[in-house]
Amino acid sequence: MRKMLLIEARLLLREPAAVVFAILLPLALLLGLGSSIPAMQEVNPDLGGQRAIDTQLPGMMVILAVVTMAFTVLPGVLVSYRETGVLRRMSTTPVSPVRLLVAQVVNNLVVAIAATVLLIVLGHLVLGSVLPQSPLAFAGVFVLGTASLFGVGLLITALAPNAKSAPAIGSLLMFPLMFMAGMWVPRELMPDLLRRIGDFLPMAPFADALRATWAGQTPQMLHLVVMAVTLLITGALAARFFRWE
């Protein structure tokens, strides 16, 4: 298993898009927007008296890093392996294709964690944004929310007809979900109907719970339940429809 992880890690690092979009792009947006827009560093009553650079902006950049890996990179690689017969050939050897699946998930998760750590540390050092005030709760929400988004990514993998369509399907899902999560307009400024709809989608509960624990607050139970249910449903459907060839 260790050898499989290392091989897949090398292959992942050969794809610059994964590094650029999952690590460098969110980091560049955080530092660029946070330092160039004065309003980002001003206390905003609409954000509960916080500055945008404290939880809103870095929280959304964490979501961007995670969803990039979950919705585009992971499905694209796994569907290409299925399409080129890699999974089918592995099923005839002592090396189970399940190991490859696990290695891919783990390596993509490591990239998402690395991006999150960089966003937290450099945001604090460069912009003066606050560190997560409830680190254990923050970590728990991160794990649950990331797992739920990876569940969606595996469902995309199971249903995508070919390697070209997998990232496209992921992108089509990603942008409206990111909007509902508050990427471009903070959820606090959205109409009540949009906020309520977002509460039951995969990404907005993750964003709100992440920001809550970042600020030292308790996340809403509804958001935790939605993330857990999303993980269970997408995981079950992915297992039901996943094809090795």
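Helix axes are lines fitted to C-alpha atoms, over the stretch in contact, and the angle between two axes is taken between their N-to-C directions. In this predicted model, the axes of helix α3 (residues 52-83) and helix α6 come within 8 Å. They cross at roughly 30°. Angles under 35 degrees count as roughly parallel, so α3 is roughly parallel to α6. The crossing of the two helices is right-handed.

Both helices contribute a list of residues to this contact. On the α3 side, the contact involves Val-62, Val-66, Val-67, Met-69, Ala-70, Phe-71, Leu-74, Pro-75, Leu-78, Val-79 and Arg-82. On the α6 side, the contact involves Phe-142, Thr-146, Leu-149, Phe-150, Val-152, Gly-153, Leu-154, Ile-156, Thr-157 and Ala-158.

Neighbours within four places in sequence are set aside here. Beyond them, Thr-146 is in contact with Val-66, Leu-109, Val-141 and Phe-206. Val-66 is also among the α3 residues that make the contact between α3 and α6.

Helix α6 also takes part in an aromatic pair. The structure holds 1 such pair. The ring centres of Phe-138 and Trp-214 lie 5.2 Å apart, and the ring planes stand at 80°, so the pair is edge-to-face. The pair links distant parts of the chain. Phe-138 belongs to helix α6 (residues 135-159), and Trp-214 belongs to helix α9 (residues 203-214). The two residues are 76 residues apart. Phe-138 has a relative accessibility of 6% and therefore counts as buried. Trp-214 is buried too, with a relative accessible area of 1%.

The charged end of Arg-240 sits over the ring of Phe-241. The distance to the ring centre is 5.1 Å.

These details belong to a protein of 10 helices and 2 strands. From the N terminus on, the order of elements is α-α-β-β-α-α-α-α-α-α-α-α. The protein has 245 residues, of which 47% count as buried.

How values were computed. Residues numbered from 1 in each chain as written. Predicted model: local features only at pLDDT ≥ 70, side-chain atom pairs only at ≥ 80, totals over all residues. Heavy atoms only, no water. Phe/Tyr/Trp six-rings, centres within 6.5 Å; stacked < 30°, edge-to-face > 60°. Helix = DSSP H or I, 4+ residues; strand = E, 2+ residues; numbered from the N terminus. Buried < 20%, exposed > 50% of the residue type's maximum accessible area, 1.4 Å probe, protein only. Lys NZ or Arg CZ within 6 Å of the ring centre and 35° of its normal. Axes fitted to C-alpha atoms, helices over the stretch in contact; angles between N-to-C directions. Parallel < 35°, antiparallel > 145°, perpendicular 65-115°, else oblique. Left-handed = near helix turned anticlockwise from the far one by under 90°. Contact = heavy atoms within 4.5 Å.
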